Amino acid sequence: MKKFLFAVAIMMASTSAFAQSQHEPGSFTIQPRIGFSAADFNNTKDTKARVGLVVGPEFEYTLSNRFSIAAGINYSQQGAELDNTDIVFKNDYLTVPITANFYVLKGFALKAGIQPGMNLDYKLENDGKELDTVDDLVKAFDLAVPVGLSYEFPFGLVLDARYTLGLTKIFDEKKFQDKGFDLDSKNLTFQFTLGYKFTLF
């Protein structure tokens, strides 16, 4: 029993030291993250969210006990589904969220920033079958504003929820008009991820 209590004490002390080191000014962490995204287009009445995957690492540099800067590299499945049909806009991005994080309570942070993104793939499918090759109709660059919050448990597990509001139009309007479309939409995305922080220094 004494050995068990001693082992528990060591684990608690190690966990405490690990957690404290993550928020010491000058510390730098990496956080692998994985979760889901629920994405839609704005300015549309006939679409609903497409649920997809979001995954990638996030790096965080602590400036003070309350403030840090983070930058990530994510693969994010976005797009939308057309109501009452099997048509899905599959619009996938490589995004680079850069956020300022303010720790209002121990482990609890509010965050906001800017997120450039690069379109990796675009498909329009009906019941799983690709309707058309329309990569040239989607703009290669996307810019958005992420806002959200996160909670970090003492042992390093992090729950993160953020809403991303697109600033740039998704589609090349001239090319869509040539095909009979008139679409003036931007990305709207909600993301929920689970991550784990590792202190690099």
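Reader: What percentage of the residues in the protein chain is buried?

Author: Of the 201 residues in the protein chain, 39% are buried; the word means under 20% relative accessible area, whereas exposed means over 50% and partly exposed lies in between, with a 1.4 Å probe and protein chains only. This is a predicted model, in which local features need pLDDT of at least 70, side-chain atom pairs count only at pLDDT 80 or more, and totals for chains, interfaces and linings use all residues. Residues are numbered from 1 along each chain as its sequence is written, and side-chain values use heavy atoms, with hydrogens and water left out.

Reader: How many helices and strands are there in the protein chain?

Author: The protein chain has 2 helices and 13 strands. Both are DSSP runs numbered from the N terminus: helices are H or I of at least four residues, and strands are E of at least two.

Reader: Why is the pair of F28 and F59 called stacked?

Author: Rings of Phe, Tyr and Trp (its six-membered ring) pair if their centres lie within 6.5 Å; planes under 30 degrees apart count as stacked, over 60 as edge-to-face and the rest as tilted. By this rule there are 10 aromatic pairs. For F28 and F59 the centre-to-centre value is 6.1 Å and the planes are at 15°, so the pair is stacked. F28 belongs to strand β1 (residues 28-41) and F59 to strand β3 (residues 50-62), so the pair ties together parts 31 residues apart in sequence.

Reader: What makes F28 and F201 a stacked pair?

Author: Their ring centres are 5.3 Å apart and their planes at 15°, so this pair is stacked. F201 lies in the segment after β13 (198-199) and F28 in strand β1, so the pair ties together parts 173 residues apart in sequence.

Reader: Is F28 counted as buried, partly exposed or exposed, and on what value?

Author: F28 has 21% relative accessibility and therefore counts as partly exposed. F59, at 29%, also counts as partly exposed, while F201 is exposed, with a relative accessible area of 58%.

Reader: Which residues make up the largest nonpolar core?

Author: A nonpolar core is a set of buried Ala, Val, Leu, Ile, Met, Phe, Trp, Tyr and Cys residues joined through side-chain atoms within 4.5 Å. The largest has 11 residues: F41, A80, I87, F89, Y93, Y122, L124, V138, I170, F171 and L183.

Reader: Which residues do ring pairs link into a cluster?

Author: The cluster consists of F41, F89, Y122 and F171.
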